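Have a look first, and then we'll talk it through.

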Amino acid sequence: MIKQTTLTYAFKLKMLHRAVLPRLVLALIFVFNSKNLSAQEPPRREIDIDPFIQNLITDPSEEADYSELYESLFALYAEPMDINKVNRDDLAALMLLSEIQLNSFFKYREQLGSLISLYELQAIPDFDMATIYRLLPFVTVHPQTLSLAKSLKNPSQHFLIVRSGQLMEKQKGFLPADSGSTASRYNGKPLYGYLKYRNSRAGVYSYGFSMEKDAGETWWNWNVKRQILGSDFSSFHAQIMNQGKIKNLIVGDYQMQAGQGLVMAAGFSLGKGAEVISAAYRSTLGLKPYTSALESNFFRGTAATFSISKHFELTTFYSYAKRDATVSNDNDHIASSLPVTGYHRTASERDKHNNLSEQNIGTHLLFKLPSRAGQLGLTLLNTSYDMTLQKRNAAYNRYEFAGKHNLIVGLHGDYRWQNVHFFGEAARSESGGLGAIAGLIAALGKKFDISLLGRHYDRNFHTFYGNALAEATRPINETGGYAGFRYAPNRRWRLSAYYDYFKFPWLKYLVDAPSEGYDSYLHILWKPNKRFNAYALYHQKKKQRNAPADKNEDGLFSTVRKTATINVEYEKPLRFSLKTRLQSGNLAYIKISKSNGFTVLQDVSWQFPRLELSARVAYFKTDDYDSRQYVYEKDMLYAFSIPAYSDVGTRHYLMARYAVSKNMKLWLRWSQTRYANLDKISSGLNEIQGDKRSELKAQVMYQF
């Protein structure tokens with residue numbers, strides 16, 4: 001980044017400043033010596049968050065939805081944080097720095113003042129070059145603070161994205177119904193559509209909107225009462241920040257993250273995976289604009305965070321949003337489920353579209369300890385519906401939420417002592433159900449980190465916007481303990497592992513008795529230089545569930561899912577990259593059956609001055625859908641793809657990104673899956689006659 005002599009000189013000047021020199025003299029000397037620096041910040045590459053995401057999601061799960069994580073991380077990637085103003089929770093949310101590195105950074109900034117340049121990161125104790133390179137895309141140095149009026153004339157993001165695409169083969173839902181048939185069909189065209197606009201400046205303001213329709217849905221639907229405004233889904237936000245006592249003000253769609261996610265959790269949840277340490281802790285990030293195309297898990301209304309004093313912050317918000325609901329056939333005032341697929345293609349799906357009114361009123365009070373070693377927070381969320389929610393009468397639904405109203409109250413806190421970070425949260429829902437989670441992250445020297453976490457969620461604990469760490473998709477009916485560790489003996493090797501034990505005191509869907517299980521994960525990374533890295537991982541999860549329907553067996557049976565992966569990557573920056581992956585996995589019902597599968601793939605990317613090409617060729621073979629293989633695929637900007645490879649066949653895609661001009665970029669992506677043993681793909685209205693499934697997509701981005 002810079003010559004070592006310059007670095008040493010700058011660092012010594014900092015040390016001298018702490019001892020004798022006034023800050024002004026130090027700044028002048030640093031400026032005079034900045035001839036060795038080409039700029040205050042290293043040049044930023046073209047935005048490409050895919051490598052970063054792939055390192056976090058090494059073993060994708062069907063139970064997790066990573067779209068919000070992608071959207072949240074990309075927002076930071078495209079609009080980096082001011083390194084001199086960022087707080088600990090915001091920096092920890094990147095999942096890049098260890099406890100020792102976080103402590104070193106804030107101690108350095110507290111003792112020596114604001115960083116003059118990002119090059120100065122090299123002077124921070126415990127920061128190595130690999131960490132700095134990973135951190136650089138997410139941070140910046142702002143030498144001056146612009147007013148709101150001036151910021152509007154000088155945005156850091158200002159763009160419009162239009163994306164469309166469709167399957168090349170006809171699905172049954174788009175074909176004419178047979179003569180005399182009453183079967184439903186999709187109402188719209190097979191073309192997918194997406195539009196996104198955003199104008200913002202980090203730390204000052206943001207506004208934008210997005211519109212989206214899935215294949216089979218129609219454009220220009222208008223039903224103001226149901227909040228259907230033109231497209232199947234539309235979203236808008238306007239935000240201002242750091243204006244006097246108003247720290248954050250949002251009108252439109254937004255999310256809130258507080259504590260460990262028992263009451264409110266936004267999109268920075270990674271869950272269990274490759275990041276075995278940082279994923280245990282959830283940062284209190286507060287209010288964030290909602291910019292994703294997912295049609296659930298957000299608030300719609302107005303929210304504000306006020307800086308009451310040096311140590312107190314108060315957030316209040318109100319939301320009125322329409323949600324999809326399945327209305328009972330016997331009583332049109334009862335909703336039996338709240339679908340979150342976002343599909344409104346057929347008449348029955350459209351009947352469920354935004355037919356339920358949901359109102360949320362909430363507040364969050366945050367107290368930051370004067371010692372800066374921690375914080376305490378109190379959260380209240382009151383949710384009410386205009387219909388009674390009552391799930392179908394089944395034993396496993398006995399303790400699920402029923403009614404129109406839910407009040408949940410939570411208390412969270414965290415405290416740092418030396419290199420140990422303690423954190424926790426407890427909450428109570430209106431039903432009397434309790435939820436609690438507590439843990440710690442500790443750095444045992446520079447080479448070894450551990451995380452420990454315990455959790456308990458009553459069977460009648462009801463949280464609609466919570467997303468705390470859990471084995472199930474929701475924090476309910478679960479008790480568990482998690483332990484993760486990471487050992488890095490040197491810069492070339494890193495060993496990561498976790499073990500998670502869980503039990504479910506009450507019944508679950510397809511589990512007709514209390515059950516238990518465990519989840520274990522091992523990841524070994526070898527990175528001998530900046531261009532080459534290889535890793536191997538082994539993941540095993542054991543759970544109990546009912547026997548397969550065709551086995552006619554009673555009682556619970558243990559299932560074990562295993563995944564083993566070897567991944568090798570080589571990159572020549574700004575030229576090309578290669579990735580080879582071998583992945584195998586199986587699902588076994590112990591003493592009953594076993595399903596095996598594997599996939600092998602080759603990725604390659606080429607970069608030219610104005611053109612980037614990315615391609616994949618993959619071969620997969622699985623016994624059935626139980627042993628399907630999930631693999632992350634590179635996609636367009638603001639698009640996300642983790643398809644399931646199942647049966648026997650090949651999967652390949654080719655994507656091109658072309659810079660038409662300084663302000664305009666164009667993406668084209670073609671993908672196809674070919675099956676060796678099928679003459680019909682999928683089922684129902686998604687059925688395709690034939691042995692291949694092809695998709696063509698295009699995207700245009702204009703940066704103003």
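What follows is a set of questions and answers about cavities, salt bridges and helices.

This is a predicted model, where local features need pLDDT of at least 70, side-chain atom pairs count only at pLDDT 80 or more, and totals for chains, interfaces and linings use all residues. Residues are numbered from 1 along each chain as its sequence is written, and side-chain values use heavy atoms, with hydrogens and water left out.

Q: How much space lies in the largest cavity?
A: A cavity is a set of points, on a 1 Å grid over the protein atoms alone, where a 1.4 Å probe fits but cannot get out. Grid points are joined across faces, edges and corners, and a volume is the space filled by probe spheres set on the points. Searching the whole structure turns up seven cavities of 30 Å³ or more. The largest cavity holds about 120 Å³.

Q: Which helix gives the most to the lining of the largest cavity?
A: Lining residues have an atom within 4 Å of a cavity point, and here there are 14 of them, with Leu97, Glu99, Leu102, Ser278 and Ile441 nearest the centre. Helices (H or I, at least four residues) and strands (E, at least two) are DSSP runs, numbered from the N terminus. Helix H5 (88-92) and helix H6 (99-112) each supply at least two lining residues. The top contributor, with three residues, is H5.

Q: How many charged residues does the lining of the largest cavity have?
A: For the classes, Ala, Val, Leu, Ile, Met, Phe, Trp, Tyr, Cys and Pro count as nonpolar, Asp, Glu, Lys and Arg as charged, and the others, Gly among them, as polar. The lining has six nonpolar and three polar residues. The number of charged ones is five.

Q: Are Asp500 and Arg455 buried or exposed?
A: These two form a salt bridge, with their closest N and O atoms 2.9 Å apart. Asp500 is in strand S22 (residues 493-504) and Arg455 in strand S20 (residues 448-457), 45 residues apart. Buried means under 20% relative accessible area, exposed over 50%, and partly exposed in between (1.4 Å probe, protein chains only). By that rule, both Asp500 and Arg455 are buried.

Q: What is the relative accessibility of Glu612?
A: Glu612 meets Lys634 in a salt bridge of 2.7 Å, N to O. Lys634 is buried, with a relative accessible area of 13%. Glu612 counts as buried too, because its relative accessibility is 9%.

Q: Which residues does Glu349 touch, not counting residues up to four places away in sequence?
A: Glu349 lies in helix H9 (residues 347-351). Its relative accessible area is 18%, so Glu349 is buried. Contact means heavy atoms within 4.5 Å, and the residues touched are Tyr343 and His344.

Q: How many of the twelve residues of H4 are buried?
A: Helix H4 (residues 67-78) reaches 16 Å from its first C-alpha to its last, close to the 16 Å expected at 1.5 Å a residue; that expected span is 1.5 Å times one less than the number of residues. What covers its buried residues includes helix H3 (50-56), strand S1 (81-82) and strand S3 (157-167). H4 is largely enclosed by the rest of the structure, because its buried residues number ten.

Q: Which residue just after H6 takes a positive phi?
A: H6 has 14 residues and reaches 20 Å from its first C-alpha to its last. Eleven of the 14 residues are buried, so H6 is largely enclosed by the rest of the structure. Just past the helix, the residue with a positive phi of about 85 degrees is Gly113.

Terms used. On a 1 Å grid over the protein atoms alone, a cavity is a set of points where a 1.4 Å probe fits but cannot get out, and a pocket is an open set with protein on both sides within 12 Å along at least five of seven lines; lining residues have an atom within 4 Å of a point. A salt bridge is a side-chain nitrogen of Lys or Arg within 4 Å of a carboxyl oxygen of Asp or Glu.
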